[in-house]
Amino acid sequence: MTHEVELRPFPPFLPKHATVMMMGSFPPREEKRAMAFHYPNFQNDMWRVYGLVFFGDAQHFQAEGAKAFDADRIKAFLTEKGIASCPTVKRAVRRHGNASDAFLDVVETVDITEVLGDIPQCRRICTTGGKATEILLSLLDAEVKAKDVKTGETIPARCGDRDLLVTRLPSTSRAYPMKLEKKAEYYRAFFEEAGLLGTP
C-alpha cells in the first residue's frame, strides 16, 4: 500500500520583527481543519492556550458563533507580538491517515537556516511536543538529545553563527494527557521569559 506524500498546507508565518518562533510537527488533514492557518483543528487547544495566557479567556480567538478559530485575528495578534510559527516538517506521509505524530513519516524537514534568515531577531524557539523537539534538534547544533529534554525545559542550541534557546512545551493536542490550564502555565512561563508577557 502506497501512502500519499503531503506538502504542508500553510507556509511558515514569519513576521519580520519576530523574536520568538513556535514550531510544531505537521498540520492535520484537510477535513480536520476549521481554518486556513496553523493549528487549525478546532479540537486542538493551541489558540485556547494563547487566549488564556494573553487575555485570560480560552475563547478569545474563537470565531463568533462558529466551531472555528479566527485566523485573521490570530495573525494580527502574532504580528503585533512578534511571534512566528513554522512546522518542523515540510513533507510527510501519514501512515494511519490521521494527525498522530507516532505514525508520521518525515519525508522532508523545514530548511531551518532559510526560515531563521527571514526573522533575524529571533533567538527563542518553542517546540510544541516531543516529535517537533526531536526534529528541530536534529537540524540544530545542540549538546542535548531531544529525549533528554523535559517538558518546560530550555536548552541552548545554534544554527550557524546564531545562538538560540529552545524550550520544549507540551503538545496542545487533546490526545496529550494534560489539562488545558496546566498547558497554559507552561506557555505563560515561556512567554514571560521571552519578554512578551508582563509578569503579574
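Analyst: Happy to; we can go through the sheet, the aromatic rings and the salt bridges.

User: What should I know before we start?

Analyst: This is a predicted model, where local features need pLDDT of at least 70 and side-chain atom pairs count only at pLDDT 80 or more, while totals for chains, interfaces and linings use all residues. Residues are numbered from 1 along each chain as its sequence is written, and side-chain values use heavy atoms, leaving out hydrogens and water.

User: Thanks! What is the strand order in the open sheet?

Analyst: The order is β1-β4-β5, an open sheet of 3 strands with antiparallel pairing. Strands are DSSP runs of E with at least two residues, helices are runs of H or I with at least four, and both are numbered from the N terminus. Two strands pair if DSSP finds at least two bridges between them.

User: Which strands are at the edges?

Analyst: β1 (5-7) and β5 (104-109) are the edge strands, each pairing on one side only. From one strand to the next, the twist averages 30°.

User: How many bridges join β1 to β4?

Analyst: There are 3 bridges between β1 and β4 (residues 89-94), and these strands run antiparallel. V5 stands opposite V93 in β4.

User: And which helix packs on the sheet?

Analyst: Helix α4 (residues 130-139) does, touching β4 and β5; contact means heavy atoms within 4.5 Å. The direction of α4 makes about 30° with that of β5. Axes here are lines fitted to C-alpha atoms, for helices over the stretch in contact, and angles run from 0 to 180 degrees between N-to-C directions.

User: Switching to rings: how many aromatic pairs are there?

Analyst: A search of the whole structure finds 15. Rings of Phe, Tyr and Trp (its six-membered ring) pair if their centres lie within 6.5 Å; planes under 30 degrees apart count as stacked, over 60 as edge-to-face and the rest as tilted. One of the pairs is F13 with F37, edge-to-face at 5.3 Å centre to centre and 90° between the planes.

User: Why does that pair tie together separate parts of the sequence?

Analyst: F13 lies in the loop between β1 and β2 (20-23), and F37 in the loop between β2 and α1 (46-55), so the pair links parts that are 24 residues apart in sequence.

User: Is F13 buried or exposed?

Analyst: F13 is buried, with a relative accessible area of 16%, and F37 counts as buried at 4%. Buried means under 20% relative accessible area, exposed over 50%, and partly exposed in between (1.4 Å probe, protein chains only).

User: What about W47 and Y50?

Analyst: They form a tilted pair, 4.9 Å centre to centre with 50° between the planes. Both lie in helix α1, 3 residues apart, about one turn of the helix, and both are buried. W47 and Y50 also belong to one aromatic cluster, whose members include F13, F37 and F190.

User: Great. How many salt bridges does the search find?

Analyst: It finds 8; a salt bridge is a side-chain nitrogen of Lys or Arg within 4 Å of a carboxyl oxygen of Asp or Glu. Among them, R158 and D163 meet at 2.3 Å, N to O. R158 is partly exposed at 33% relative accessibility, and D163 is partly exposed at 47%.

User: Last one: which residues are joined into a network?

Analyst: D45, R48 and R174, through salt bridges that share partners.
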